[in-house]
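Trainee: I would like a close look at one part of this model. Please take the salt bridges and their surroundings, and go through them step by step.

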Amino acid sequence: MSTAPSKKVLLFFPRTGWDTEAVNLWLPLPVMYLAARLERAGYKVRILDQRVEPHWKEEIRREV
C-alpha cells in the first residue's frame, strides 16, 4: 500500500524595509488569503513571517 505524498506549502512573508521596531506590524493578509485558498484545495499550509520569527532560516531548513 503506497501513501500519497503530503501536500504541504510553506509561505514566506519577508521583511520589506518598511518594518521598524516599536511600530505595529500589519498582518500578512495577501499571504493569508493565499493560504486559505490552498487549505480549501487540500494543502497543509504554514506561514513563516520573517518580521516576527527570529530563527526563520532554521525554520525554512526544517520545513524543506
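Mentor: What follows starts with the chain as a whole, then turns to the charged pairs and the nonpolar residues around them.

This is a predicted model. The protein chain has two helices and two strands. Read from the N terminus, their order is β-α-β-α. Of the 64 residues in the protein chain, 19% are buried. The accessible surface is about 5600 Å², and carbon and sulfur atoms hold 58% of that area. Now take the contacts with a separation of 6 or more. Residues 24 or more positions apart make up 67% of them.

Now the salt bridges. The whole structure contains four. Start with Glu-59 and Arg-46, whose side chains form a salt bridge with an N to O distance of 2.8 Å. This pair links distant parts of the chain, since Glu-59 is in helix α2 and Arg-46 is in strand β2, 13 residues apart.

Is Glu-59 buried or exposed? Its relative accessible area is 12%, so Glu-59 counts as buried, the limit being under 20%. Arg-46 is another case: at 27% relative accessible area, Arg-46 is partly exposed. Helix α2, which holds Glu-59, spans residues 56-63. What does Glu-59 touch, leaving aside its neighbours within four places in sequence? The contacts are Arg-46, Leu-48 and Glu-53.

Glu-63 is partly exposed, with a relative accessible area of 30%.

Next, Asp-49 and Arg-51. They form a salt bridge, with 2.7 Å between the closest N and O atoms. Asp-49 has a relative accessible area of 11%, so it is buried. Arg-51 is buried as well, at 16%. Elsewhere, salt bridges with shared partners join Arg-46, Glu-59, Arg-62 and Glu-63 into one network.

Now the nonpolar side. Which residues make up the largest nonpolar core? There are six: Leu-11, Phe-13, Val-31, Ala-35, Leu-38 and Val-45. Two elements give two or more residues to this core, namely β1 (8-13) and α1 (29-40). α1 gives the most, with three residues. Look at Ala-35 in this core. Leaving aside its neighbours within four places in sequence, Ala-35 is in contact with Leu-11, Val-45 and Ile-47.

Strand β2 (residues 44-49) holds Ile-47. Ile-47 is partly exposed, because its relative accessible area is 33%. Together with Leu-27, Leu-29, Met-32 and Tyr-33, Ile-47 forms a nonpolar patch on the surface. The accessible area of the patch is about 490 Å² in total. α1 supplies the largest share of the patch, three residues.

Arg-46, in strand β2, pairs with Glu-59 in helix α2.

Technical notes
Residues numbered from 1 in each chain as written. Predicted model: local features only at pLDDT ≥ 70, side-chain atom pairs only at ≥ 80, totals over all residues. Heavy atoms only, no water. Core = buried A, V, L, I, M, F, W, Y, C linked by side-chain atoms within 4.5 Å. Buried < 20%, exposed > 50% of the residue type's maximum accessible area, 1.4 Å probe, protein only. Helix = DSSP H or I, 4+ residues; strand = E, 2+ residues; numbered from the N terminus. Contact = heavy atoms within 4.5 Å. Areas by Shrake-Rupley, 256 points an atom, 1.4 Å probe, with all protein chains shown as cover. Patch = residues over 30% accessible without salt bridge, like charges linked within 9 Å, V, L, I, M, F, W, Y side chains within 5 Å.
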